[in-house]
Amino acid sequence: MEFTILILALPLLSFLVLALAGKQMPHKVAGAAGTASLAAVALLSYTTAALYFGAGRGADGTFATLVPYNISWLPLGSLSIDMGILLDPISVMMLIVISTVSLMVHIYSLGYMKGEKGFQRYYAFLSLFTFSMLGLVVATNIFQMYIFWELVGVSSYLLIGFYYTKPAAIAASKKAFIVTRFADLFFLIGILIYGYYTGTFAFTPTEAALAGAATLLPLALGLMFVGGAGKSAMFPLHIWLPDAMEGPTPVSALIHAATMVVAGVYLVARMFPLFITYAPDVLHIVAYVGAFTALYAAVVACVQTDIKRVLAFSTISQIAFMMVALGVCTSADPHTGGLGYMASMFHLFTHAMFKGLLFLGAGAIIHAVHSNEKIHMGGLRRYMPITHITFLIACLAIAGIPPFSGFFSKDEILVACYHFSKPMGLFMSIVAALTAFYMFRLYYLIFWGKSYYEEQQALYNAGKCSKAPHKPHEAPATMTVPLIILAAISCVAGFIPFGHFISSNGTEYSIHINKAVATTSIVFALVSIFIATIMYKNGYSRLTRGINRNMRGLMSAAYNRFYIDDVWIFVTKKIIFNCISRPIAWFDKKIIDGSLDKLASGTQKLATFIRPVQSGNVQSYSVWFLGGAIIIILVLIYFA
Amino acid sequence: MIIPAQYFLILSAVLFFIGVFGFFTRRNLVSLLISTELMLNAVDINFAVFNAYCHPQLLEGYIFAIFGIGIAAAETAVAIAIIINVYRNIHSIHIKRLRDLKH
Amino acid sequence: MEFHTNLFIFSGLALFMIIAALFAVISSKIMRAATLLLFVLFGTAGLYFMLHYTFLGAVQITVYAGGIVVLFIFAILLIGKGSIDITHTSKLRYLAGLLTAMVGMVTTIYLIHITPFDAYHFMSADVPMKSLGLAIMGTNRYNYILPFEVMSILLLACTVGAILIARKK
């Protein structure tokens, strides 16, 4: 499996080439280079997966954990930071997810970003991002993971702020970076506590090392979860994700649907054996945080008008589903309470595909109508048939309608939740129903109802509007092909026997549909879709307007995301800035800066004072020189 | 009688510091050069005296005195060339007038 | 009290040199200063003879007295009027120079005084020219071919430099 190093090396290489020589390349060459290297990475990832899972299970019924590469990168006394590649079921699964979605995004961007300024830079950043994300998932230890984790943060900062002339994009990139960095601080503290007390950064320390750290392990794991919550946009650290939609849409598909945001989930899954043994309570906190986030994001998603924001909140909600699934695990055995682990990974897999599809579809729509707002859409199904069909498939998948992939993974999550406790199961079922509702609201508002274009055209024809509206058109093939591929995957991914590959303790687990849970969730989803159909099929119906009027307070609160952003602004601007930053700034300016300023001005004064000594007169120099020498000699004589 | 080494050394020290004094106070380039020659000469005396009194079987001081004389000659030749050039340019060899190289 | 010829000659020479040097640095006429310098250099040659370093004394006379002083005189004559008068520096600077020189001299004399030279004995023997030549041209330890060559390069450089600097444009 030594060739796996290429999976990391190729994107890095293409990043370096594109970043250093990109400016000299024509757009076509740069795009082709980036896409080709990603295609190679995808092929290698599939080969890896085939070889890895093809090798079969070991004697203990699990897939062996392989480490084809490991070098001691930074030995720190007894601790050592290693760099390497670790292959186990979840990292191999993540390799497939990342390389697939990234490849789709690369192809799609060829069309979407065509003619954009900074096209080569865009591909360079995409390669960097892919490299860091792949490095993150194959990390052999928590510290390597952290390094790549930060690299992911940087590259996502660069990609969100790609349109750096747009103030909103700059603000969004800064926000994303600062919020995730803030969370990463806790992650780092967690890692350091972990490393200090167990004496290793490895994911699976020896029993003896763990026994010594048992009391502090829950704290370390909890702090790590905070870091994961930052990247995975869990409440209340979710605020960066909706704003991050300022980046190019394919970037949103890559980063904010399929890869970076699931890093937190992946982290918790990676530490799962420790969580379940040493910190089950922390795991349950994860579940409650996730459940609340899921509901919150779903409610907010119901009223947003910017289609990308709807998708962003939907992502938050779905990631929260995965967190919940991990959190509700009560044992490592998939048959007795460890089902959530498998369900979470399964949902991660399917979600990456259909959410990537949704974002790419949204990108195609935005490309066609040049706007993010729903009001500029409507009736697009006639103009963009391929986008329409693929988008519908994705909506059905996320809503949990069989036989699309989302149904299977979500069903497993719900089963795990019901297994944990009945209220939790019911709660998540309702959130799932909400998911179906807001997705179909989005779907109807985009593709059905009155066409904005036709209205404008009518106005133009009647002479009431001076400018002819832009006619929506189907996207080019480079964009539709990835849509079709992802749609196909979303259709069939549910039938993958996922439990055969991944389960909480590595042993084989056969997915079986729990009839009661499945029926409930299907009924819930169908009812939601039905309500959405009534309310939004022909634009905003009278019923919808009535509901909106009666619940204006709730609506506007939800539209403003329940003012969480404002709370953050209040906390940072009013409390932290005033009470902490100001005094520190004062201290810095007056005491530290002031003393240095005084030092500088004092030096200057002294310089003016002694300047005449530098007369340029050789004779006075020699007097000074000899006088000094004599004084030194006298001093030496005196003390000798 | 053998004259003690100290006598020679004191004489050379006196000569040296007379040169130093001249170097500090004179304002004419040629006078400065003359003062420098006095100092160099004092150094040569020291070389010879130390050789004669401390290591008579060796020739280090002796030969370095010769080299010192050679260097003094070379230095004087160049210095006088410079002085003549300066005089040609500014029609003075007074040190106060030599300001062009200062800045 | 025994009369010592050596001491007498030395004292005479020393007195002569010191007076000549003093006047050389305070004389207001450069030509006179150059002449007094010549006397000092002759006196130095006399010191070398007293040390039985006859070759060194000869070099002193030929190179210093014969070469350098002639150079000086040529320079002074070339410069002509500009060199006749020497204006002294300001009083403060004069005093500073005097003080530094005095203190330095006293310090040095003190140091010479406290250093014991009794352990060494003067051997009054002239250095034969043959051994001197061998020492200069030899390549062994305590032979000086390398400084000799360096000197010759220095002299060459000085010759070229002096010509370059002094020639008419």
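This is a short talk on a few packing features of the structure above.

Before anything else, note that the model is predicted. I will start inside chain A, then move to the contacts between chains.

Strand β1 of chain A covers residues 66–76, and strand β2 of chain A covers residues 79–87. They run antiparallel and are joined by eight bridges.

Next, a pair of helices. How are helix α10 and helix α14 of chain A placed against each other? Helix α10(A) is residues 249–258 and helix α14(A) is residues 307–327. The angle at which they pack is about 10°, and their axes are 11 Å apart. Angles under 35 degrees count as roughly parallel, so α10(A) is roughly parallel to α14(A). From α10(A), the residues that meet the other helix are T249(A), S252(A), H256(A) and A257(A). From α14(A), they are K308(A), A312(A) and T315(A). Sorted by class, the residues of this contact are four polar, two nonpolar and one charged.

Now the cores. The largest nonpolar core has 218 residues. Which of them touch the most other members? They are V268(A), M323(A), V324(A), L326(A) and I365(A). The element that gives the most to this core is helix α15 of chain A, residues 339–369, with 21 residues. Take V268(A) as an example, and ignore its neighbours within four places in sequence. V268(A) is then in contact with F225(A), G228(A), F275(A), V286(A), M323(A) and L326(A). Another core, of 78 residues, lies apart from the largest one. Among its residues are A81(B), V25(C), A34(C) and M105(C).

Last, the contacts between chains. Chain B and chain C meet through 65 residues from chain B and 71 residues from chain C. On the chain B side, the elements giving two or more residues are α1 (5–25), α2 (29–54) and α3 (60–90). Of these, α3(B) gives the most, with 22 residues. What classes of residue make up the side of chain B that touches chain C? There are 49 nonpolar, twelve polar and four charged residues.

As for chain A and chain B, five residues of chain A are in contact with four residues of chain B. The chain A side of that contact has three polar and two nonpolar residues, and no charged residues.

Notes
Residues numbered from 1 in each chain as written. Chains lettered and ligands numbered in written order. Predicted model: local features only at pLDDT ≥ 70, side-chain atom pairs only at ≥ 80, totals over all residues. Axes fitted to C-alpha atoms, helices over the stretch in contact; angles between N-to-C directions. Helix = DSSP H or I, 4+ residues; strand = E, 2+ residues; numbered from the N terminus. Parallel < 35°, antiparallel > 145°, perpendicular 65-115°, else oblique. Contact = placed C-beta atoms within 7 Å. Nonpolar A, V, L, I, M, F, W, Y, C, P; charged D, E, K, R; others polar. Pairing = 2+ DSSP bridges. Core = buried A, V, L, I, M, F, W, Y, C linked by C-beta atoms within 7 Å. Buried ≥ 20, exposed ≤ 12 C-beta atoms within 10 Å, placed from the backbone.
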